[in-house]
Amino acid sequence: EGPQPLAGRHALVTSGPTHEPIDPVRYIANRSSGKQGHAIAAALARLGAAVTLVSGPTRQPDPAGCRVVHVETAREMLAACEAALPADVAVCAAAVADWRVAAEADRKLKKDGSGPPALALTENPDILATLSQAGPRRPALVVGFAAETGDVLAYAAAKRARKGCDWIVANDVSPGTGTFGGSDNTVHLIRADGSDSWPTMSKEAVAARLAEAIAGQFERR
Ligand code: C5P
């Protein structure tokens with residue numbers, strides 16, 4: 001074991017995609033692998049934090065030393081996060097579905113000859129924004145992610161302000177970068193007072209460096 005600068009701190013991490021049901025057998029999902037979020041949970045645990053990882057469906061094993069809450073939908077993810085509070089730090093790395101089907105069918109939709117069904121969508125809760133604006137229950141440090149395809153720094157800075165979080169880890173997910181499902185990541189850390197661009201590194205290395213930055217933030221308080 002190395003140094004434990006986050007001993008006594010509770011870290012909440014979201015990871016993976018969400019699955020939003022259409023009917024009992026179908027769902028809307030996205031390509032998030034959960035690699036980055038799970039690596040962050042593991043890295044925070046290695047620095048001594050008590051970690052609650054709220055994960056959507058992924059192929060990742062539960063990281064060592066973390067309490068893992070498995071969820072499927074955005075609404076379940078939000079409820080699990082709220083139930084996990086208080087936390088000193090929240091890192092929202094999940095790729096939460098923006099929309100869900102407004103009226104989930106309780107029976108499998110059938111081809112009945114009248115053409116394909118129209119799926120009305122409704123907006124999901126924004127977990128990062130909710131945690132960032134949680135009043136007295138707000139974690140002292142809230143970190144969000146931004147996946148952008150161009151003008152990464154400008155869009156990420158705007159997102160930081162809009163969501164109300166403290167830091168944004170922004171990455172370029174333009175086609176060809178291989179970030180989604182890949183093992184490397186090129187990120188920028190955006191804070192209120194500026195940003196740092198990190199060299200391309202493995203998702204594990206990004207996680208370790210982010211965990212160190214989080215520990216540094218608590219040491220300076
Ligand atoms: O708005 P956008 O999805 O681009 O923002 C990404 C950030 O917001 C990520 O940190 C993601 O985990 C978080 N998010 C969330 N709940 C949503 C949508 C995004 O926590 N419904």
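The largest pocket of this predicted model is lined by 42 residues, of which Ala94, Ala95, Val96, Phe145 and Ala147 lie nearest its centre; a pocket here is an open set of points on a 1 Å grid over the protein atoms alone, where a 1.4 Å probe fits, with protein on both sides within 12 Å along at least five of seven lines, and lining residues have an atom within 4 Å of a point. Among the elements that give two or more residues to this lining are strand E1 (10–15), helix H1 (35–46) and helix H4 (152–163), while E9 gives the most, with four residues. Helices (H or I, at least four residues) and strands (E, at least two) are DSSP runs numbered from the N terminus.

The UniProt annotation "binding site", from an unreviewed entry, covers nine positions including Asp98, Lys108, Phe145 and Lys163, and such annotations may be inferred rather than shown by experiment. Of the annotated residues, the pocket lining includes Asp98, Pro125, Asp126, Ile127, Leu128, Phe145, Lys159 and Lys163.

Phe145, placed in strand E9, counts as buried because its relative accessibility is 18%, buried meaning under 20% relative accessible area with a 1.4 Å probe and protein chains only. Contacts (heavy atoms within 4.5 Å) of Phe145, not counting residues up to four places away in sequence, include Gln36, Ile40 and Lys159. Lys163, found in helix H4, is likewise buried, at 17%, and its contacts, leaving aside neighbours within four places in sequence, include Asp126 and Leu128.

Residues are numbered from 1 along each chain as its sequence is written. Local features need pLDDT of at least 70, side-chain atom pairs count only at pLDDT 80 or more, totals for chains, interfaces and linings use all residues, and side-chain values use heavy atoms, with hydrogens and water left out.

Note on methods. Buried < 20%, exposed > 50% of the residue type's maximum accessible area, 1.4 Å probe, protein only.
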